[in-house]
Amino acid sequence: MQRSVYHSPVYDSQSIQAWERRWFAQHNSSLGLMQQAAWTISQRLNERFLLKEIQNIAVWCGHGNNAGDGYFIAAFLKQQGYKVTIFATELGQSSDLQQAFKYAQSQQVDIQTIDYLLTEHEIQQDLPIFDCYIDALFGIGLNRKLDQKWQNIIQLFNRQTGFKVSIDIPSGLHANTGQALSCAIQADLTFTILGYKAGLFTGQGKEYVGILDLVSLIPTDSALTPIAYLSPQEIALRKRLAFGHKGNYGHVLVVGGHADMGGAVIMSAEAAFHAGAGKVTVVCHAKHHQAILSRSPNIMVRDINVLDQEAIQHLLTQVDAVCFGMGLGRDQWAESIYLKWFEYLDQNSHLECVLDADGLWFLAKHPQQLNNHIYATPHSGEAATLLGCTVADIEQDRIAAIYKLKEKYSAKWILKGAGSLTLDNHLWICTQGNAGMGSGGMGDVLAGMIASLKAQFHQQIALHQIVSLHAQAGDLLAENGMRGLQAHDMSKVIYQVVNNN
């Protein structure tokens, strides 16, 4: 299914720091690693600066090892002919940091205090102007809310108009969760050192990171374990047989559609067809049948109110995949439908079953351990309901949240949002998609795509690959702008994506 078997591993900060310690325990120099990182970054910056005509550079240094990187970068850039000024806080106790500071001094880099910037800002509103600002304030060890002074420093950095670069991670961003610790540097470019950190990709990370460039310096060892992988961007779907027919490409059943909510099942069904399903049947309130058939006469319809348990069981023997819960509603009628259907969906292991939207609402109300053929697809609000917490709790640590969902309910999970997470056999992070996809109906489209592609390929396509295809479709749709992007327009780009991969 894939053109490449390689997936980029993602780590937490503790694993990266332990990896460094093991490297140093083998008599490798911590100062040497700092110099190597700074030299590599300075060379890559030089290539970019030549294109951007950058000459005047400010490096903002804190008091940890990240600042040591900054001092060496400043010195190396000075050697290459750039005009460089360091704005620094008080030095920390690290001997490596002390030596980096002395090296910058020896190269006659202009070093001033960050307090000078704050004073100038408060009194004169007149700051020195630079072409580029390099953030070496905090590294990946930051795990506390920033105090007011540091918030002022970061906000002042962000207000500058030059090209902004962060070293390892934008200062103020939590390396594991991607949450801003009150505020964070908004970088145009981030050089992350040794390995990818989860917070660069999920939570709020995409807002702050800009272009991401990995600086890989030392070999991995057997003790280094990823916490996740980046979902592949290239996904090759098996070509269709010349003698194939609709029966070869899966029959998808879309179940939902309360009397007051017919749009969700229409979007799911159309997405299923455009992703390549051979047949699609919608089971919903009969009042929506005319609208469905007028939009898509190739969709078959059934009245959800007339199907008894025997009819439901018979229908499920005729389909390959089901997406359940879109537009179902949350009233007494909807609950009766959920209770009538869900036992059969969970028990029929031959079905690829997507549980979404109001189906998740009722799962929270009637919690149970689910079988492995169930794919649950909450956004953070639905995840909060399922776990009995707040949306803020979910967003504070999305990775922890998806593991809690798995522990409580079993099954396979997608936690939708910026840097969508997929937990099947491993944890995967989607790096594609855009803010324009935060609009009503996108989840219904994803549910239809999952059911369709699983009906066609079953275990030959992974859940995280489908999430990537959905994100790619959203990116195609947003090529002319993200604002106003509509879920019902996704079908035409889904058709492109599944035929171009």
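**Entry 1: the largest pocket**

I am working from a predicted model. I started with the largest pocket, and its volume comes to about 840 Å³. I then asked which residues of its lining are closest to the centre. They are Gly 417, Ala 418, Asn 434, Met 437 and Gly 438, out of 35 lining residues.

Next I sorted the lining by class. I found 11 nonpolar, 16 polar and 8 charged residues around the largest pocket.

I also wanted to know which helices supply at least two residues of this lining. Four came up: H7 (205–209), H13 (380–387), H16 (442–457) and H17 (463–477). H16 gives the largest share, 4 residues.

Then I checked the domains. Domain 1 (8–223) and domain 2 (251–498) each put at least three residues into the lining of the largest pocket.

**Entry 2: the second largest pocket**

I moved on to the second largest pocket, which has a volume of about 590 Å³. I counted 24 residues in its lining. Glu 20, Asn 65, Asn 66, Gly 139 and Asp 168 lie nearest the centre. The elements giving two or more residues to this lining are helix H1 (13–25), helix H2 (30–52) and helix H3 (65–79).

The lining of the second largest pocket has 11 nonpolar, 8 polar and 5 charged residues.

How many cavities of 30 Å³ or more does the structure hold? I found 1. The largest cavity contains about 30 Å³ of space.

I listed its lining: Trp 60, Phe 87, Leu 117, Leu 127, Pro 128, Phe 130, Tyr 133 and Gln 160. By class, that gives 7 nonpolar residues, 1 polar and no charged.

**Entry 3: two helix pairs**

I came back to H13, one of the helices in the lining of the largest pocket, and looked at how H13 packs with H15 (residues 398–409). The angle is about 45 degrees, and the axes are 10 Å apart. H13 is therefore oblique to H15. The handedness of this crossing is left-handed.

H16 packs with H8 (residues 263–274) at an angle of about 40 degrees. Their axes are 7 Å apart. Why is H8 oblique to H16? The cut-off settles this, because angles under 35 degrees count as roughly parallel and 65 to 115 as roughly perpendicular. At about 40 degrees, H8 is therefore oblique to H16. H8 passes H16 in a right-handed crossing.

Note on methods:
Residues numbered from 1 in each chain as written. Predicted model: local features only at pLDDT ≥ 70, side-chain atom pairs only at ≥ 80, totals over all residues. Heavy atoms only, no water. 1 Å grid on protein atoms, 1.4 Å probe; cavity = no way out; pocket = protein on both sides within 12 Å on 5 of 7 lines; lining within 4 Å. Points joined across faces, edges and corners; volume = space filled by probe spheres on them. Nonpolar A, V, L, I, M, F, W, Y, C, P; charged D, E, K, R; others polar. Domains from an automatic or database assignment. Axes fitted to C-alpha atoms, helices over the stretch in contact; angles between N-to-C directions. Parallel < 35°, antiparallel > 145°, perpendicular 65-115°, else oblique. Left-handed = near helix turned anticlockwise from the far one by under 90°.
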